[in-house]
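The sequence and the structure come first, and the text follows.

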Amino acid sequence: MNLIDLIQLKVPAGYAVTYNKFFDVEPVLSEGDDYFIENWGFFTEDLLQIVKLRIKNGKWYIPEREETLLFDLGWYPDSDINGHYHLQLVDGNWNEIKSISSKDRFIIKETLERWMEEHQRT
């Protein structure tokens, strides 16, 4: 059995990874003609969530919904070989600030790391 690693992310101080199933793996088409990904568990709508923390009285905390900044990653359509990664930066009400879609997990990784750096000081 091969072990599959998570994508290695450079997460700067001030962020919390609250959910992570973003693995370094390629989708594999299942037998048949249904576009279903054989290793579908790595290609679902819920792959990664990272929240920007706040600091108060010298301690980090996850802010209330109104102040939340969230990085959310999924594969859309879920488990479909024709799908793609979709990375969003959203506020606490799920209003999109910016987004990117790509089949290339390394483009998603680089974009996510850049966005976190850009928003680290905000």
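## Basis of the report

Contact here means heavy atoms within 4.5 Å. The model is predicted, so local features need pLDDT of at least 70 and side-chain atom pairs count only at pLDDT 80 or more, while totals for chains, interfaces and linings use all residues. Residues are numbered from 1 along each chain as its sequence is written, and side-chain values use heavy atoms, with hydrogens and water left out.

## Overall layout

The chain has one helix and seven strands; helices (H or I, at least four residues) and strands (E, at least two) are DSSP runs, numbered from the N terminus. In order from the N terminus, the elements run β-β-β-β-β-β-β-α. Along the principal axes, the C-alpha atoms fill a box of roughly 55 × 30 × 20 Å. Of the contacts in the chain with a separation of 6 or more, 49% are between residues 24 or more positions apart.

Of the 122 residues, 40% are buried, where buried means under 20% relative accessible area, exposed over 50% and partly exposed in between (1.4 Å probe, protein chains only). The chain exposes about 7500 Å², and carbon and sulfur atoms supply 50% of that area. Accessible areas come from the Shrake-Rupley method with a 1.4 Å probe; for residues, only the protein chains shown count as cover.

## Aromatic pairs

A pair of aromatic rings is described by the distance of the centres and the angle of the planes. Rings of Phe, Tyr and Trp (its six-membered ring) pair if their centres lie within 6.5 Å; planes under 30 degrees apart count as stacked, over 60 as edge-to-face and the rest as tilted. By this rule there are six aromatic pairs. One of them joins Y15 and F71, whose ring centres are 5.6 Å apart with planes at 65 degrees, so the pair is edge-to-face. Y15 sits in strand β1 (residues 15-20) and F71 in strand β5 (residues 69-76), 56 residues apart. Both Y15 and F71 are buried.

F43 and Y85 form a tilted pair, at 6.2 Å centre to centre and 45 degrees between the planes. Because F43 lies in the loop between β1 and β2 (48-52) and Y85 in strand β6 (residues 84-91), this pair ties together parts 42 residues apart in sequence. F43 is buried at 1% relative accessibility, and Y85 is buried at 2%. Ring pairs link F22, F43, W75 and Y85 into a cluster.

Which residues does G74 touch, leaving aside neighbours within four places in sequence? G74 is in contact with T44, E45, D46, L47, H84, Y85 and H86. G74 is found in strand β5 and is buried, with a relative accessible area of 0%. The C-alpha atoms of G74 and F42 are separated by 9.6 Å, and the two residues are 32 residues apart along the chain.

S79 is placed in the loop between β5 and β6. S79 counts as buried at 6% relative accessibility. Not counting residues up to four places away in sequence, S79 touches Y35, F36, I37, W40 and F43.

## Strand pairing

Two strands pair if DSSP finds at least two bridges between them. β6 and strand β7 (residues 96-102) pair in the antiparallel sense over six bridges. H86 has S101 in β7 as its bridge partner. β6 and β7 form a hairpin with four residues between them, and W94 in the turn has a positive phi of about 65 degrees.
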